[in-house]
Amino acid sequence: GNEVRAIHQDADGMMWFGTNNGICRYDGERFETFTTRDGLAGDNVWAIYRQPDGPIWFGSWDGGICRYDGDQFETFTHLDEGPVTVIAADAAGNLWFGGGFWGTGNAGKGLWRYDGQRFDQFTTEDGLDSDAISALHCADDGTIWIGHLNGGISHYDLSLAASISVELSSRDLQPKIEAFASSRVALCKRECCAFQAGGDGHAGDRATVTLAMVTRASHKAAA
């Protein structure tokens, strides 16, 4: 049978299921399946997200990012996003994508942001702790939290990025990324919360938090 890796209910009440054999949609009465034969980017689907009153997005291990507008699927063959297993949306309407697996050929390709017009890519060269991403969370204050497959947490502050982009606009520099990473625990400087980031898990473990401030222009790919 199919392995179900993602479940999403959209604003219309439709249930979407991501499997290792494509997408299943349930309208309350019947199931309908979509695969690469229908235009889906990849059949091994790990992430689903529908924008409010907009298209539905899929992330797959074997096809990366894909968008469905209700009539047809759209793929982004000009991107080199690798496996995509997580999708999140922030309060400003930006979409964030990430992924990665263990093993040769499955390495993550960093964090991708779609602002409605284009994709921006962020990697370790921009300050991420790792290009392999296993979790994303968009906090209410605009902060993007990134969990990494091989340990570590990175933090992207949208409010800080906005002020920096104005300050440094004359030099066309990319907004800063703050990377909080260690082999064991990364500490949230705002809330004084401890996040497990690998290590042996012993209570009381603490490690130095490293901060990488990046002012290099990121790779950009038009949608």
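Buried means under 20% relative accessible area. D120, with a relative accessible area of 2%, is therefore buried. The model described here is predicted.

**Salt bridges**

The structure contains 8 salt bridges. Among them is the pair of R50 and D10, whose closest N and O atoms lie 3.4 Å apart. This pair links distant parts of the chain, as 40 residues separate R50 from D10. R50 belongs to strand β5 (residues 45-50), whereas D10 is in the loop between β1 (4-9) and β2 (15-19). R50 and D10 are both buried.

A second pair is formed by D120 and R113, with 3.1 Å between the closest N and O atoms. R113 has a relative accessible area of 13% and is buried, and D120 is buried as well. Elsewhere, salt bridges that share partners join D10, D12 and R50 into one network.

The side chains of R67 and E74 also meet in a salt bridge, at 2.5 Å from N to O. R67 is buried at 17% relative accessibility, while E74 is partly exposed at 34%.

| Salt bridge | N to O distance |
|---|---|
| R50 and D10 | 3.4 Å |
| D120 and R113 | 3.1 Å |
| R67 and E74 | 2.5 Å |

**Cysteines**

How many disulfides does the structure have? The count is 0 disulfides, the rule being a pair of cysteine sulfur atoms within 2.5 Å. C24 is buried, with a relative accessible area of 14%. C66 also counts as buried, at 1% relative accessibility.

Key. Residues are numbered from 1 along each chain as its sequence is written. This is a predicted model: local features need pLDDT of at least 70, side-chain atom pairs count only at pLDDT 80 or more; totals for chains, interfaces and linings use all residues. Side-chain values use heavy atoms; hydrogens and water are left out. Buried means under 20% relative accessible area, exposed over 50%, partly exposed in between (1.4 Å probe, protein chains only). A salt bridge is a side-chain nitrogen of Lys or Arg within 4 Å of a carboxyl oxygen of Asp or Glu. Helices (H or I, at least four residues) and strands (E, at least two) are DSSP runs, numbered from the N terminus.
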